[in-house]
Amino acid sequence: MTLLKYRALSAITRLDTQLIRRSLISTQCNDQGISPPLSGIRVLDLTRVLAGPSCTMLLADMGADVVKVEEVTRGDDTRSWLPPSAPVSPNSPKESSHLPPESAYFLAVNRNKRSITVNFKDPAGLEVMQRLVRSSDVLVENFIAGKLSGMGLGWEDCKVLNPRLVYASITGYGQTGPFREAAGYDVIIEAEAGLMHITGEPDRPPSKVGVAVTDLMTGLYAHGAILAGLRSVQHTGKGVWIDCNLFETQLAGLANIASNYLIAGKEASRHGTAHPSIVPYQVFPCKDGFLMIGAGNDKQFRLLAERILEKPELVNDARFVNNATRVANREALVDIITQVLQRHERDYWIDRFTGLGVPFGPINNIQQSFAHPQVGARQATVEVDHPRAGKVRMVAPPVTYNGKRMPVRRPPPWLSQHTNEVMLELGYSQNEIAELRARQII
């Protein structure tokens, strides 16, 4: 097939496919609040681990056809990050029998995607990628700055192939500057961009956050930027190169802490769960657990003292009459509250707090978090049928539209699950696909 004929056929086939897909999704989702707004948009996903995959999963949740391109033998790094993993079903596809179990980490951020494997270091694999670029609306990558340019898949290369492409690069430090070629790791950026300095107890070493929050924030910023890029293409007809990175995302995530320094030169410090400007506002131990209490104003403190702790004398104590004096006498007040709370179990105090208007919450472990009544009431988890793992429970998309969530249309894919399917869409014959497999190009 000549390149000219391929391009013409690809354009016609893609248009027909988009129209059919939009029609099917619209029919399926009329009772789902709104139809997925990105149906008909193809996203070429060249990302791995967390920041990039979380971004592309958000796009997939909104209906985009996300084609995840993975390394031929191992795939995304997180596929090997196990245990824990989902059990392998005895009814799993025979062609996947050589693969390890599906890791819980990979399953967390790859729903609603298709997986293909391509060795694009080989010229034949590069041709596959070029066809994908031509047929895609968005490309998302998280290679070190400049890496893909050296492989023929940089922004300058891809915008020639597809002038309307939204090309999103997610890196550690951005496309320019002295650190542009440094790899980006969440925990390193937490350290370098201030987050670790303010996390932890004041008398203990700095601590990382319990989940890779910098990666996740970067994925959120990138997904929003891609939506803006698609809107720009609608207006201008010209593609966009998006430069999103962990370092600047984390600086932005410092929020008021950053502003305190930039405006007033105020250095930050660690306060554990406490607030530097409000008391009481921290975690307190009970007899058998912990409660987070946030009495942020005088009315709430009065309720706490009189109705919950049954210590009305605290309200008129000169040390605690307003927030400023409570901050000045933090240690004394925290000690008094702690002594009272440790007399009873956590559930006792939950009953006393409930309904009075004093902000509080139990410190739940993960099991308790998913047993929370809001999880069931809001259907915050979803069960999907996975071809290799059977029924898999996962967190549902956390946004509703007119009271309905976007559907989980596809379970997270097993490695190379959709390679044949996508290659056929790109115009390859069965014989060509078999040859490329034999050469380990796909």
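**Entry 1: ground rules.** Helices and strands in these notes are DSSP runs numbered from the N terminus, a helix having at least four residues and a strand at least two. I am working on a predicted model, and I kept to local features with pLDDT of at least 70.

**Entry 2: domains.** I looked up the domain assignment of the chain, which gives domain 1 as 42–263 + 386–439 and domain 2 as 281–365. I then took the C-alpha centres of domain 1 and domain 2, and they lie 44 Å apart.

**Entry 3: cis peptide bonds.** I noted a cis peptide bond joining L82 and P83, with omega about 0°, and I placed P83 in the loop between β2 and α3. The peptide bond from V279 to P280 is also cis, with omega near 0°, and P280 sits in the loop between α9 (256–264) and β7 (281–285). For background, I reminded myself that most peptide bonds are trans and that most residues other than glycine have a negative phi.

**Entry 4: positive phi.** With phi in mind I turned to N112, whose value is near 65°, positive in a residue other than glycine. N112 lies in the loop between α3 and β3 (113–117), and I count N112 as buried because its relative accessible area is 1%, where the cut-off for buried is under 20%. Q440 has a positive phi of about 60° although it is not a glycine. I found Q440 in the segment after α18, and its relative accessible area of 53% makes Q440 exposed, whereas the 1% of N112 makes that residue buried.

**Entry 5: salt bridges.** My list for the structure comes to 24 salt bridges. As a general point, side chains of opposite charge can pair when their charged atoms come close.

I began with K68 and D76, which form a salt bridge whose closest N and O atoms are 2.9 Å apart. Are these two partners buried or exposed? K68, at 0% relative accessibility, counts as buried, and D76, at 2%, counts as buried too.

I went on to the salt bridge between E181 and R180, with 3.2 Å between the closest N and O atoms. Here E181 is exposed, with a relative accessible area of 56%, and R180 is partly exposed at 28%.

The side chains of E310 and R352 also meet in a salt bridge, at 3.2 Å from N to O. E310 lies in the loop between α10 (298–308) and α11 (313–316) while R352 lies in helix α14 (residues 346–353), so I read this pair as tying together parts that are 42 residues apart in sequence. E310 is exposed, with a relative accessible area of 53%, and R352, at 22% relative accessibility, counts as partly exposed. Besides these pairs, I followed salt bridges that share partners, and they join R42, D65, R114, E421 and E425 into one network.

Entry 6: I looked up the volume of the second largest pocket and recorded about 930 Å³ of space. Its lining is made of 34 residues, and those that lie nearest its centre are M57, A108, V109, R111 and V395. As for the elements behind this lining, α2 (51–61), α3 (104–108), α7 (213–236) and β11 (390–395) each supply at least two residues.

Technical notes. Residues numbered from 1 in each chain as written. Predicted model: local features only at pLDDT ≥ 70, side-chain atom pairs only at ≥ 80, totals over all residues. Heavy atoms only, no water. Salt bridge = Lys/Arg side-chain N within 4 Å of Asp/Glu carboxyl O. Buried < 20%, exposed > 50% of the residue type's maximum accessible area, 1.4 Å probe, protein only. Domains from an automatic or database assignment. 1 Å grid on protein atoms, 1.4 Å probe; cavity = no way out; pocket = protein on both sides within 12 Å on 5 of 7 lines; lining within 4 Å. Points joined across faces, edges and corners; volume = space filled by probe spheres on them.
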